[in-house]
Every structure is written in structure tokens, then in C-alpha cells.
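Me: Hi! I'm new to this one, could you walk me through it?
Reply: Happy to, let's have it on screen first.

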Amino acid sequence: MLVIEHRANFLTEPEKSTLGEIDVHILENGKFAVKHDIYEGGWILEHFLKHSMHDRFFVDIKQNLKVGVYERLIETMGDRLIGLFDVPMPAAYFLAKKGVKFYERLSEFENPTALTDRFWLDPLANQVVPHFERLLWETTANQKFIYASPELHGCSMLEAANAWGSLKAFVSGKNRFAKLEGIVTKYPEEFSKIWADLDKMYV
């Protein structure tokens with residue numbers, strides 16, 4: 001179970017998680033920068049990787065890049081890359097043919113394709129009521145997913161905890177649905193504690 005700290009774009013002590021989700025842009029000089037907004041300051045990726053206290057990263061791509069640029073990004077990340085997210089077409093098609101590990105977004109507005117067996121489960125319209133159950137009906141047993149925790153879209157800690165409980169109950173049932181591979185959350189420490197308690201309730 002991957003517990004990934006949301007928006008770990010800064011060289012600060014991790015929030016009780018060794019895994020981080022980072023946003024990456026490419027600059028006009030061809031270098032990669034770690035930052036959420038194109039207009040804000042950030043870190044050059046190589047410097048960030050050298051000094052970050054996180055071990056591995058889930059990378060959110062903020063631009064539509066050429067396939068060769070994605071390949072260079074993958075090479076730069078090396079074994080610290082968990083996977084890529086927000087890879088648009090047609091780059092996703094060519095990266096899939098090369099066997100690159102990336103996650104497609106699955107939401108009320110975006111359906112999965114056959115390009116990858118991994119996806120990013122991200123209910124957008126209503127994150128508190130477990131709409132992810134309906135979305136998971138779109139998946140198959142061979143797929144894996146990372147769950148975007150609801151506080152990423154402004155929900156409270158309590159609302160997020162309720163969603164974690166619903167998620168645990170759902171993935172613990174006997175069903176044909178995809179395997180939960182991890183979660184991206186602003187509260188990795190709290191999630192880990194609650195999930196450990198939930199593990200004691202389900203077999």
C-alpha cells in the first residue's frame with residue numbers, strides 16, 4: 001500500500017511518508033522544474049532529487065510534452081519514479097507501447113482506455129459520498145489504482161476519514177474490482193493510523 005504525500009514540491013521534512021507526489025514543468029531552457037503553478041518559483045528537478053527527503057515520487061505532468069521529453073524525464077527520475085500521471089494523448093499511446101508505467105485519471109467525466117492497467121481514481125463532482133464505487137464498476141480485476149483522497153479537493157479531515165472507511169469496506173469485499181495500489185493524501189500520518197485500525201476490522 002503506497003501512502004503518497006500530496007504536493008511534496010518543497011524541500012521540507014516529509015509528513016510521515018517517504019513517498020511524495022510532485023508537479024513537474026519543463027522550462028524554456030529544457031530543464032525540468034518542480035512546482036505546482038507555472039508562474040511560481042520552484043526547484044530544478046536534479047537539485048530537488050538530490051536534496052529531497054522523500055524516497056520515491058508520483059509525478060504529475062503539467063504540460064503536453066513530446067515523447068522524447070517524457071523519456072528524458074523518466075531517465076532523470078530513475079528508480080525514484082513510482083509512475084506518471086496526467087499524460088495526454090498521443091504521448092500516452094506511445095509511452096504505453098514502450099511499457100512506461102503511467103496512470104490514467106478515472107472520474108465522473110473521464111473514462112479509462114485500454115492503454116494502461118493502472119489508473120488514478122479521482123471523484124471530482126462529489127468526493128464525500130463514495131462515488132468511487134460507481135467508478136470502480138468501470139474497471140476490471142487486473143487493473144490497479146491509486147486513490148485521490150477527497151481533501152485534495154477541499155474536503156475536511158473528517159470527511160476524508162469517512163471516505164477512507166468507505167474505501168476500505170469496498171475494497172475488502174469479494175468483488176471483481178481493481179486492486180488498490182495506494183493513496184495520495186495531505187494527511188499521510190493520520191491515514192496510516194486509521195487504515196491500520198481498519199485493517200483489524202476486515203480480513
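Me: Where is E159?
Reply: E159 sits in helix α5. Helices here are DSSP runs of H or I with at least four residues, strands are E runs of at least two, and both are numbered from the N terminus. This is a predicted model, in which local features need pLDDT of at least 70, side-chain atom pairs count only at pLDDT 80 or more, and totals for chains, interfaces and linings use all residues. Residues are numbered from 1 along each chain as its sequence is written, and side-chain values use heavy atoms, with hydrogens and water left out.

Me: Is E159 buried or partly exposed?
Reply: E159 is partly exposed, as its relative accessible area is 32%. Buried means under 20% relative accessible area, exposed means over 50%, and partly exposed is in between, using a 1.4 Å probe and protein chains only.

Me: How far apart are E159 and M53?
Reply: Their C-alpha atoms are separated by 29 Å, and the two residues are 106 residues apart along the chain.

Me: Back to the helix. At what angle do α5 and α6 cross?
Reply: Roughly 35 degrees, and the axes of α5 (residues 157-172) and α6 (residues 188-199) come within 10 Å. Axes are lines fitted to C-alpha atoms, for helices over the stretch in contact, and angles run from 0 to 180 degrees between N-to-C directions.

Me: Which residues in α5 and α6 meet?
Reply: From α5, M157, A161, W164, G165, L167 and K168 meet E190, F191, I194, W195, L198 and D199 of α6. Contact means heavy atoms within 4.5 Å. The residues of this contact divide into 8 nonpolar, 1 polar and 3 charged. Here Ala, Val, Leu, Ile, Met, Phe, Trp, Tyr, Cys and Pro count as nonpolar, Asp, Glu, Lys and Arg as charged, and the others, Gly among them, as polar.

Me: And Y187, where is that found?
Reply: Y187 is in the loop between β10 and α6. Y187 is partly exposed, with a relative accessible area of 24%.

Me: What does Y187 touch?
Reply: Leaving aside residues up to four places away in sequence, Y187 touches E151, M157 and W164.

Me: New topic: strands. Which way do the residues of β1 point?
Reply: In β1 (residues 2-5), L2 and I4 point one way, while V3 and E5 point the other way, and all are buried.

Me: In what sense do β1 and β10 pair?
Reply: β1 and β10 (residues 179-185) pair in the parallel sense over 4 bridges. Two strands pair if DSSP finds at least two bridges between them. The bridge partner of E5 in β10 is T185. β1 also runs parallel to β2 (residues 19-26), joined by 2 bridges, and there the partner of E5 is G20.

Me: How many residues of β9 are buried?
Reply: 4 of the 5 residues of β9 (residues 144-148) are buried, so β9 is largely enclosed by the rest of the structure. β9 and β10 pair in the parallel sense over 5 bridges, with K144 opposite K179 in β10. β8 (residues 118-121) also runs parallel to β9, through 4 bridges, and F119 has F145 as its bridge partner in β9.

Me: Which residues touch the most other members of the largest nonpolar core?
Reply: I22, V59, L73, L84 and V87 do, out of 25 residues in that core. A nonpolar core is a set of buried Ala, Val, Leu, Ile, Met, Phe, Trp, Tyr and Cys residues joined through side-chain atoms within 4.5 Å. Helix α2 (67-77) is among the elements that each supply at least two residues, and α2 gives the most, with 4 residues. A second, separate core of 20 residues includes F119, L121, W164 and F170. In soluble globular proteins, nonpolar side chains tend to be buried together.

Me: Last one: what kind of peptide bond joins M89 and P90?
Reply: A cis peptide bond, with omega of about 0 degrees. P90 is in the loop between β6 and α3, and D86 lies in that loop too. D86 has a positive phi of about 70 degrees although it is not a glycine. Most residues other than glycine have a negative phi, and most peptide bonds are trans.
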